[in-house]
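Please consider the protein model shown here. How may its cores, salt bridges and backbone features be read?

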Amino acid sequence: MTFVPVIPESYSHVLAEFESLDPLLSALRLDSSRLKCTSIAVSRKWLALGSSGGGLNLIQKEGWKHRLFLSHREGAITQVACCLHDDDYVAVATSQGLVIVWELNQERRGKPERIYVSSEHKGRKVTALCWDTAILRVFVGDHVGKVSAIKLNTSKQAKATAAFVMFPVQTITTVDSCIVQLDYMDGRLLISSLTRSFLCDTEREKFWKIGNKERDGEYGACFFPGRCSGGQQPLIYCARPGSRMWEVNFDGEVISTHQFKKLLSLPPLPVISQRSDPEYDHTVGSSQSLSFPKLMYLSEHCVLTWTERGIYIFIPQNVQVLLWSEVKDIQDVAVCKNELFCLHVNGKVLHLSLLSVERCVERLLRRGLWNLAARTCCLFQNSIIASRARKTLTIEKLEHLKSQLDLATYSDLISQLEELILKFEPLDSACSSRRSSISSHESFSILDSGIYRIISSRRGSQSDEDSCSLHSQTLSEDERLKEFTSHQEEDQPDQCCGSPGNEDNVSRVPVTFETDKNETFLPFGIPLSFRSPSPLVSLQAVKESVSSFVRKTTEKIGTLHTSPDMKVRPEPRDDEQSCEEDASSVTCPKEEDTEGRKEITSQPLEEDRFQELKAATAEAMTKLQDPLVLFEPNSLRMVLREWLSQLEKTFATKDFSGISDTGNLSMKSNQDMLLLNESKKGILDENNEKEKRDTLGNEETVDQTTCESVSSLKESSDDLFQLCSPCTIANGFQKDLAELTTLCLELNVLNSEMKSTSRHMDHTFQLCSPEILACRFLKKYFFLLDLKRAKESIKLSYANSPCVWDTFIEGLKEMTSSNPTCMQMEEGDLPTRLKLLDDSVPFDSPLLIAYATRLYEKFGESALRSLIRFYPSILPSDIMQLCHHHPAQFLAYLDSLVKSRPEDQRSNFLESFLQPESLRLDWLLLAVSHDAPPSTSTMDDEGCPRAHSHLLSWGYSQLILHLIKLPADFTTKEKMTDICRSCGFWPGYLTLCLELERRREAFTNIVYLNDMSLMEGDNGWIPETVEEWKLLLRLVQNKSTRPAPQESLNGNLSDGPSPINVENVALLLAKAMGPDRAWSLLQECGLAVELSEKFTRTCDNLRIAEKRQRALIQSMLEKCDRFLWSQPA
């Protein structure tokens, strides 16, 4: 008998096959080469198996009894879906594209009947079926991207109505490629195609694209229900290339990207089955870059998927792989609770269950599978000896298992089982107490020599025996150790899955990742040289190390300067890293800890200074909680002024000279900041020059003084960019400072009670314009600002002051200057740099606009058009500030952004970022002023429209029409009308005239434009009353009396559209009002003489058509009447 290898990690769950479905398939004759299973579905009651012969077998899961067989002559069954909230309904799709819905009538013990047959997808391949979770409605998707809904009504009255009137199937949407998967929850339909995923609100008929990046291939998506007790909304998980998943909220916004490629490098877990003995290969493979064709919600925390190689079960919220097992050639999987029914390509069906290891062993023992149970125990002994399993699997059960094995046949297995029993001590033994105390810090396994091998950190409680084992430690050190241990246990995330009570299960994560996570439990985030990279350490060594760490930290805590490369961060996950991680990657120039004596002497200085600032900050935060202060702007600004004076006093440059002006590194950083300040000098000087030119009298003297003060400010050290804190600030305190500093910028509290180094500075500083104050404030307190809020505040408060925006962008550029991404983006073409930016910078990072600015400075308008992929991280208002010197380039970006959305969504999309409403007029004026035909081509000398000038090409005509069709008040619409008329954009002008009921003005200009197509067709402007027809006829008559005919755009009358003349208008009148009424109206206007024989023939044809139409209607009414009277009551 071979030796059973022991899995080193402590896995919590396993896939097991307790019963084979091969006899069932054989009884149903689905195991032959002629007839095989082609589709599968499962519900609480039924297992549905569709066959290649068109039959649907419904097997009752309780006892696996074959109850029903539904036949179909429409072809093989390609898709099956059971209604989850009502087991009496099932939907199938055939190879001909028909969808049949069955009512089983099991409660009434009647025969199953077809209640609906849909031919909406006939001739196409149905690729997905999905039931509504609340009502009887089926969603259908096919290979061309069409999604429809079949709504059912099973009442007898409704069936009788449906026999007489057939209501069409509702078409939900049509996407650009084959439907891969459909899922439904709480009124939302999730659609996954070959290129992207869509979210549909079926009640409001709204659609959203999920994410901005497309894909190419079969990638699934599923809903992830939220916890009802916590009131959490459901989540969405969408498969992405390279073993990734998007985590999406219920509104379709991507929250983060989860990467599983490296986690899948571990060997697969064996499937516990009687078909073969479970085996485990310790060889670690390479990372798996997989595409997940479907995603399914499983159990309480898990998402399941599969590939040709195996089955994968993830805990996506914790970014963990629960397990993966090799099960090859899977075609489809149906899931119900923790049961998996796997349909293979050859038609075989595999029934698997997801269980915790201890429950799996228990079920094997109950079934008398002694050999398989013993092998499972030995294979997963690290899970078996866990405290939870020891309460479930007692020594008596293991002894009984050993007694059932044949000594001659299973000698090696029995010896391994005996070793496991020796380690499997009672819970109340002293040795177990000692072991549990150690395991409170780390989970472990026991080697043959008796040495405890530490595996990874897990939950637990510290034993009293630990704190008493080392008498050499002082009481204070023991207390610090306890605090350290409790901190470590509180921060350890819960990693259980499956049953809610299984708290000791450890997720399947590589050991190297767990040891890295342990670093985050150490306070202050300092890399410690004494931490051994190996987990094989004793408890005493750990306590000694912690004691040394506490002593060392106590001495240096006041002077240690945090640096981004010292901060311990969680592992980055694909391209959805947090904004803080991106910002922290910037290297801030800090001095090194060289002399311990200087550090100790500087500690009281910082503590005293921060003591006053902390008191002022706490007082300000308390006052902000008072509604009388918070909602009263003057009181709020007064509180901020008092706090800002203390902040200025604390962070005065001269006070930190002993900290920030020593060392070569600090000297270099000051030089770099000075160079940055010089680069900004031109912007401020240009602004001051403009102020000089625009002011008169005594104001010129003030502006001159202001310019001199600004230059002196720029020369001072206070005006340099302060990207990093000059000293260590605790996280909680830093958050409060950031809140108050950003609030000062938002409320324009910039120069309140500021203490400078001289009175002259105070005097000149008060003369500075708000723009200069804002620039200085940004530079001095850049390290305290919330960058996202600061950006929005600058756009709102300083929209007409480009220097403030430029200052903010320069600060962001300085933060990214030492980033490797910035250095790599210095080379390559635009697509290469965009791809690098897309892959390297988090989508929601505030630093993204800095990289975008560099691209714009390098590539101009082409870079702006490419930035639409970063919406909504980069908004149109950001681009407007970015290219304020070139507004035409902003129009190119805005036009491309709007066109990137589907046609039916563009208006709502454009309206979403038109805040404030004044932007509508600004953008409209911008759009009609650029890439437009010359005014001489659109208007004559009298300001009237030239003939056919509405057909001229406008570069942004679609954008203009979207802007004028947006809802707005009457005043705004009138201003839009004036803008369109003054610029000669006649299509928009006519639309606005009719919307404002200025119909007389609209018809007058239509006659000038001389195009009959404007009054024809579905969108034509046709007179509605007799008075409007008379007005139109008079206008045409007056136009015909003009001495010179208007030429078309090409200079030839025959080249243009049909002209507006008396005969064409008369024909339109006859079609609208009838030939008789038209003739009388023409005679009243004195225009009957001018009509030709063509008009007479047309009127005769209209009379004949009218008579025939009346006769046809009469005939149809008579037939309908006879049919209704023939029906029985």
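This is a predicted model: local features need pLDDT of at least 70, side-chain atom pairs count only at pLDDT 80 or more; totals for chains, interfaces and linings use all residues.

The dialogue below takes these topics in turn.

Q: Which residues touch the most other members of the largest nonpolar core?
A: A nonpolar core is a set of buried Ala, Val, Leu, Ile, Met, Phe, Trp, Tyr and Cys residues joined through side-chain atoms within 4.5 Å. Buried means under 20% relative accessible area, exposed means over 50%, and partly exposed lies in between (1.4 Å probe, protein chains only). Here the largest core has 138 residues, and those touching the most other members are Trp643, Leu647, Phe808, Leu812, Ile879, Leu910 and Trp923. Helix α41 (residues 1062–1073) supplies the largest share of this core, 8 residues. Helices (H or I, at least four residues) and strands (E, at least two) are DSSP runs, numbered from the N terminus.

Q: With which residues is isoleucine 879 in contact, leaving aside its neighbours within four places in sequence?
A: Contact means heavy atoms within 4.5 Å. With those neighbours within four places left aside, isoleucine 879 contacts Leu864, Leu867, Ile874, Phe890 and Tyr893. There is also a second, separate core of 56 residues, whose members include Phe18, Met296, Leu413 and Leu417.

Q: How many salt bridges does a search of the whole structure find?
A: A salt bridge is a side-chain nitrogen of Lys or Arg within 4 Å of a carboxyl oxygen of Asp or Glu. The search finds 39 salt bridges. In one of them, aspartate 332 pairs with lysine 294, and the closest N and O atoms are 3.7 Å apart. Aspartate 332 belongs to strand β26 (residues 330–336) and lysine 294 to the loop between β21 (254–259) and β22 (296–298), so the pair ties together parts that are 38 residues apart in sequence. Both aspartate 332 and lysine 294 are buried.

Q: Which parts does the salt bridge between lysine 795 and aspartate 878 tie together?
A: The two side chains meet at 2.5 Å, N to O. Lysine 795 lies in helix α25 (residues 787–797) and aspartate 878 in helix α31 (residues 876–882), so the bridge ties together parts that are 83 residues apart in sequence. Lysine 795 and aspartate 878 are both buried. A network of salt bridges links Lys791, Glu792, Lys795 and Asp878.

Q: Is arginine 869 buried or partly exposed?
A: Arginine 869 is partly exposed, at 36% relative accessible area. Its salt-bridge partner is aspartate 838, with the closest N and O atoms 3.8 Å apart. Aspartate 838 is buried, at 13%.

Q: Where do backbone angles call for attention?
A: Most residues other than glycine have a negative phi, and most peptide bonds are trans. In this model, a cis peptide bond joins tyrosine 871 and proline 872, with omega about 5°. Proline 872 is in the loop between α30 and α31. Glutamate 205 has a positive phi, near 55°, and is located in the loop between β16 (197–201) and β17 (206–210). Glutamate 205 is exposed, with a relative accessible area of 56%. Asparagine 748 also has a positive phi, about 60°, and sits in the loop between α22 (731–746) and α23 (759–766). Asparagine 748 is partly exposed, at 41% relative accessible area.

Technical notes:
Residues are numbered from 1 along each chain as its sequence is written. Side-chain values use heavy atoms; hydrogens and water are left out.
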